[in-house]
Amino acid sequence: MFSKKEKQPYTDLLGKTNRIVEATQIKGDIFSAADFRLDGELIGNFTSNGKLVIGPTGKVVGDVVCKSAEIEGVFKGKLMVAELLNLKATATVEGEVVIGKLAIEPGAIFTANCVMKIPETNTSDGTDSK
């Protein structure tokens, strides 16, 4: 009559987004397998296998590691983005940034040490090409 639910694989999480609304403050670390939108404030570290969106009222103070990110609000700390970091005109970023690609709209404040990493690709003979 009742059956146990199996854990959802990551592919089932695609298209689903966690959300922290404005006027919410979190102190601590967050890990999310799915995409995440933050319109509140996080004081702590964030790790995700997906995309992080920091909305216009959002603020993060801490370390972030994610696949891609879009920032409209405030970020202070160390940011590691494997693919694309997209800064909107209202964004303020301070700290250290390690990214795959960077897009900055006019008006964004970007006060950071930035390193762009070239993605490693495997050739047919099994060696890395750079």
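Is Glu 70 buried or exposed? Glu 70 is buried, at a relative accessible area of 17%, where buried denotes under 20% relative accessible area, exposed over 50% and partly exposed the range in between (1.4 Å probe, protein chains only). The structure is a predicted model, in which local features need pLDDT of at least 70 and side-chain atom pairs count only at pLDDT 80 or more, while totals for chains, interfaces and linings use all residues. Residues are numbered from 1 along each chain as its sequence is written, and side-chain values use heavy atoms, with hydrogens and water left out.

**Overall composition**

- The protein chain contains 1 helix and 16 strands; these are DSSP runs numbered from the N terminus, helices being H or I of at least four residues and strands E of at least two.
- Of its 130 residues, 32% count as buried.
- The accessible surface of the chain is about 8,300 Å² (Shrake-Rupley method, 1.4 Å probe), and 53% of this surface belongs to carbon and sulfur atoms.
- Among contacts with a separation of 6 or more, 2% involve residues 24 or more positions apart; contact means heavy atoms within 4.5 Å.

**The parallel sheet**

- An open sheet is formed by 6 strands in the order β1-β4-β7-β9-β11-β13, with parallel pairing; two strands pair if DSSP finds at least two bridges between them.
- Its edge strands, β1 (17–20) and β13, each pair on one side only.
- Strands β4 and β7 are paired in parallel over 3 bridges, and Leu 38 has Ile 54 in β7 as its bridge partner.
- Strand β9 (residues 68–71) runs parallel to β11 (residues 84–87), with 3 bridges joining them; Ala 69 is partnered by Leu 85 of β11.
- Strand β11 is in turn joined by 4 bridges to the parallel strand β13 (residues 101–104), where Lys 101 is the bridge partner of Leu 84.

**Surroundings of two residues**

- Beyond four places in sequence, Ile 71 touches Ile 54, Leu 79, Leu 85, Asn 86, Leu 87, Lys 88, Ala 91 and Val 93.
- Glu 70 lies in strand β9; with neighbours within four places in sequence left aside, Glu 70 contacts Lys 51, Leu 52, Val 53, Ile 54, Asn 86 and Lys 88.
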